[in-house]
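Work through the exercises below with the coordinates loaded. Each solution goes step by step.

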Amino acid sequence: MEQIRLGGTGMRVSRVCLGMMSYGDPKDREWFLAEGDAEPIVRSAVDAGVTFFDTADMYSVGRSEEITGRLLSRFFRRRDDYVLATKVYFPMGEGPNDRGLSRKHVLAAVDDSLRRLGTDYVDLYQIHRWDYETPIEETMEALNDIVRAGKARYIGASSMFAWQFAKAQHIAEANGWARFVAMQNHYSLAYREEEREMIPLCLDQGVGVIPWSPLARGLLAGSRGRGGERRTVRANSDKMADQLYQEDDFAVVDAVQEIAGERGVPMAQVALAWLLGRPGVTAPIIGATKLGHVEDAAAAVGLKLSEEEVARLEAPYRPHPILGHS
């Protein structure tokens with residue numbers, strides 16, 4: 001698989017990132033896979049050339065990080081052979097300081113993540129959301145200290161307004177601190193509001209874009225139908241998808257299905273190929289609970305859409321309210 005620089009850094013990552021959220025405790029969510037079931041899927045991703053893996057401390061309350069660390073240590077000979085990312089922000093306990101982006105929590109959380117991952121460092125340490133209760137100066141200084149201590153090579157952010165991202169970057173630059181090198185945002189054919197401000201900002205500043213939910217939580221792969229039809233285990237139990245996508249989005253799904261039919265490929269490949277062709281996008285973060293999900297993602301890297309196909313895919317889109325920042 002093609003390897004590409006992450007934004008303006010010198011670090012290279014695979015063109016597809018494997019999201020590890022799906023691997024944890026099946027008791028938490030019906031579509032989560034236990035470690036034994038996740039192992040062949042992660043192995044297939046590694047065999048396909050995936051070297052970039054993303055998780056978060058809050059995924060299955062730490063279980064995802066534990067599984068991620070164990071599996072990657074089996075499949076790679078050296079720690080430096082893969083790029084590992086995790087995130088901090090959401091609650092990890094009942095205590096008042098077990099959440100958010102305070103210096104106290106961030107410094108404790110990175111150590112907890114490293115212990116669960118079984119590694120001395122992560123390549124990309126990301127803030128999972130914006131913390132409205134903590135001064136961003138406090139957060140950026142704590143993140144800089146983590147980089148200087150060698151616990152993270154780079155830092156990144158996820159899902160916020162462009163003005164917030166710009167403010168954080170300005171504060172870091174003014175103080176000589178580490179700046180964010182990646183933005184993990186909500187971006188797909190079914191949700192393109194990031195094209196208004198965040199994507200242009202990232203392009204201007206040399207920040208890599210690593211979108212989450214590139215298939216709109218399965219919508220663009222055909223997991224849902226009109227009138228509330230649910231076709232997969234995840235679609236039946238994923239309440240967040242109900243909040244993010246509406247009946248109007250099926251016009252986009254229809255366009256994906258039409259071009260996939262003409263090409264003779266699965267819908268997922270077409271939707272991912274479109275995203276991989278967008279300016280600034282480094283590596284979409286795909287979730288995989290079946291071997292076919294990995295195969296589709298790998299195949300999408302080599303699928304080139306024509307200008308006419310891209311126009312047809314984009315034409316049905318209608319503006320959305322801002323979704324995914326909370």
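**Exercise 1: His325**

His325 lies in the segment after helix 12 (307-314); helices are DSSP runs of H or I with at least four residues, numbered from the N terminus. The model is predicted: local features need pLDDT of at least 70, side-chain atom pairs count only at pLDDT 80 or more, and totals for chains, interfaces and linings use all residues. Residues are numbered from 1 along each chain as its sequence is written, and side-chain values use heavy atoms, with hydrogens and water left out.

Task: find which residues His325 touches, not counting residues up to four places away in sequence.

Solution. Step 1: apply the contact cut-off, heavy atoms within 4.5 Å. Step 2: the search returns Arg129, Ser159, Met160, Phe161 and Glu194. Step 3: look at Met160, whose backbone oxygen lies 3.4 Å from a polar atom of the His325 side chain.

**Exercise 2: the chain**

Task: count the helices and strands, then compare the radius of gyration with the globule rule.

Solution. Step 1: the chain has twelve helices and twelve strands, a strand being a DSSP run of E with at least two residues. Step 2: the radius of gyration (over C-alpha atoms) is set against the rule, 2.2 Å times the number of residues to the power 0.38. Step 3: the chain has a radius of gyration of 19 Å, close to the 20 Å that the rule gives for 326 residues, so it is as compact as a globular protein of that length. Step 4: along the principal axes, the C-alpha atoms fill a box of roughly 55 × 40 × 35 Å.

Technical notes:
A polar contact is a pair of N or O atoms within 3.5 Å; within protein, one must be able to donate a hydrogen and the other to accept it, and residues adjacent in sequence count only if both atoms are side-chain atoms.
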